[in-house]
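Please keep the sequence and the structure in view while reading.

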Amino acid sequence: GIVASLNARAAILASANPKDSSYDPKMSVVENIHLPKNLMTRFDFIWLMLDKRNRETDRRLAEHLISMYSESGMRAKVQPEVAPELFRRYVSFARRWVFPEVSDEAAEALVKSYTDLRNQG
């Protein structure tokens, strides 16, 4: 057969769910995704995103999604206190005239708080 190398000017983003809908950390990525190896080798970069199960996070997410569309959630929807046009003008003003600076001490506190929050669960 003919073997050729062609320039490609395209990017492909693909996603796949694990075999049996649950990622098995004891298996390789290729085995979990269950695609042929010759197809997997076509990708230059594989980014693995795992959805780790957490009862509390899953419950909060489900309640949030339901509240967006349920009758009681629609009634409880908070109306903005500021008119949208005024808010847009405020953001435009802030982008043009406000240049906040964070002290080194405040930056360290923000980084610590963020990492603590991420490590909670």
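In this predicted model, phenylalanine 45 has a relative accessibility of 60% and therefore counts as exposed, since the cut-off for that class is over 50%. Tryptophan 47, at 61% relative accessibility, counts as exposed by the same cut-off.

**Aromatic rings**
- A search of the whole structure finds one aromatic pair.
- That pair joins phenylalanine 45 and tryptophan 47, whose ring centres lie 6.1 Å apart and whose planes meet at 40°, so the pair is tilted.

**Largest pocket**
- The largest pocket holds about 860 Å³ of space, and of the 26 residues that line this pocket, the closest to its centre are Ala16, Ile33, Trp47, Leu48 and Met49.
- By residue class, the lining of the largest pocket comprises 17 nonpolar, five polar and four charged residues.

**Asparagine 32 in helix 1**
- Asparagine 32 is located in helix 1, which covers residues 29-33, and is buried because its relative accessible area of 1% falls under the 20% cut-off.
- The side chain of asparagine 32 reaches the backbone nitrogen of aspartate 24 at 2.8 Å.

**Helix 3 and its cap**
- Helix 3 has 15 residues, 55-69, and spans 22 Å from its first C-alpha to its last, close to the 21 Å expected at 1.5 Å a residue.
- The N-terminal end of helix 3 is capped by asparagine 54, which has a side-chain oxygen 3.0 Å from the backbone nitrogen of glutamate 56.

How values were computed. Residues numbered from 1 in each chain as written. Predicted model: local features only at pLDDT ≥ 70, side-chain atom pairs only at ≥ 80, totals over all residues. Heavy atoms only, no water. 1 Å grid on protein atoms, 1.4 Å probe; cavity = no way out; pocket = protein on both sides within 12 Å on 5 of 7 lines; lining within 4 Å. Points joined across faces, edges and corners; volume = space filled by probe spheres on them. Nonpolar A, V, L, I, M, F, W, Y, C, P; charged D, E, K, R; others polar. Phe/Tyr/Trp six-rings, centres within 6.5 Å; stacked < 30°, edge-to-face > 60°. Buried < 20%, exposed > 50% of the residue type's maximum accessible area, 1.4 Å probe, protein only. Helix = DSSP H or I, 4+ residues; strand = E, 2+ residues; numbered from the N terminus. Expected span 1.5 Å × (residues − 1). Polar contact = N/O pair within 3.5 Å; in protein donor to acceptor, adjacent residues only side chain to side chain.
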